[in-house]
Amino acid sequence: MATRTMRRRLHHGDVDGKRNDELFDSSEVDGLSEPLLGNHIDDSSVPVPILEDLWDDERRKQQIHWTFVFSQLIAQWAQWLANIVLGSGSLIARLLPFSSLSQNGSNRKLLQPSLSPLQETRLGDLQQRLGVPFDGSQAVHQDALKQLWRLAYPDRELPSLKSELWKDMGWQGSDPSTDFRGGGFISLENLIFFAKKYPDSFQRLLNKRDGTRAEWEYPFAVAGVNISFMLAQMLDLQTGKPSTLAGVRFLELLADDEMAFDNLYCIAFQMMDAQWLAKRASYMEFNDVLKSTRTQLERELSLEDVYTVKDLPAYNMLMG
């Protein structure tokens, strides 16, 4: 749908007008304790929609809604079954090679699996990417930021690296480089991958085309940085071999797909937006929505018949 819903974009700052430069603290386990949005409001005009566009939008909303509900039901059923099989008193649990060392939901620690040489190489490459901070003084990082703008707005002129126009994409201020703390350079790579691999989905989320939007929306780009950070934490990728259930299952996906992390990022972004719409959330509830997204993603990763990223039920939302 070509039209864009009227919304207020919130930029850097807190609701009380105070500045809030710390989006999250990467030293915390979840790093999601601070509000994401601020108080700057930018109203945009709304073109008059045509009837065909309205019908297309309604069909897309229904498709996303039912796909989201279906994936939740499957994931909840799988989690229930997994809890029975992996229960501390279960005979099967005592026979499984990855028996739980501590019972704590999907964050339970498992015995570290043995990896194939291919998995070792791909895990090492991914962890190396995760360790690269964004450096606005490096030409490669500057070029990547420019590339993201061209992918997001192919018909608009490229602004300078410090410009109020970057707020249109959902950066908190005029200098996007200040928003990468905790996410690193990989969060920019994830956004570029999303725009190139799934351009239709990327544009729908960027321009908030799906569903009935909140009066105060989450900023697209900064939300993307948060999702990269959340995934790295959830998959236990910071130190050595992953030992959480989600992390171990991710290693299986990595054996099939070198870009499994990037593809999972795109699914998580689409899933987060579906959660946002289902909860009728507003800006102060973003962190709760992101935590719900993490829970839902962990459930889908626990499904027994998931061998590739495309096997995840939520993958269908990307292709809608």
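1. K167 is buried, at a relative accessible area of 14% (buried is under 20% relative accessible area, exposed over 50% and partly exposed in between, with a 1.4 Å probe and protein chains only). K167 forms a salt bridge with E164, and their closest N and O atoms are 2.7 Å apart. A salt bridge here is a side-chain nitrogen of Lys or Arg within 4 Å of a carboxyl oxygen of Asp or Glu.

2. The basis of the values is as follows. This is a predicted model, in which local features need pLDDT of at least 70 and side-chain atom pairs count only at pLDDT 80 or more, while totals for chains, interfaces and linings use all residues. Side-chain values use heavy atoms, without hydrogens or water, and residues are numbered from 1 along each chain as its sequence is written.

3. Over the whole structure, the search finds 11 salt bridges.

4. D210 and R204 form a salt bridge, with 3.1 Å between the closest N and O atoms. D210 is buried at 1% relative accessibility, and R204 is buried at 5%.

5. R249 pairs with E252 in a salt bridge whose closest N and O atoms are 3.2 Å apart. Both residues lie in helix 8 (residues 245-256), three residues apart, or about one turn of the helix. Helices are DSSP runs of H or I with at least four residues, numbered from the N terminus. R249 is buried, with a relative accessible area of 12%, whereas E252 is partly exposed, at 33%.

How values were computed: Helix = DSSP H or I, 4+ residues; strand = E, 2+ residues; numbered from the N terminus.
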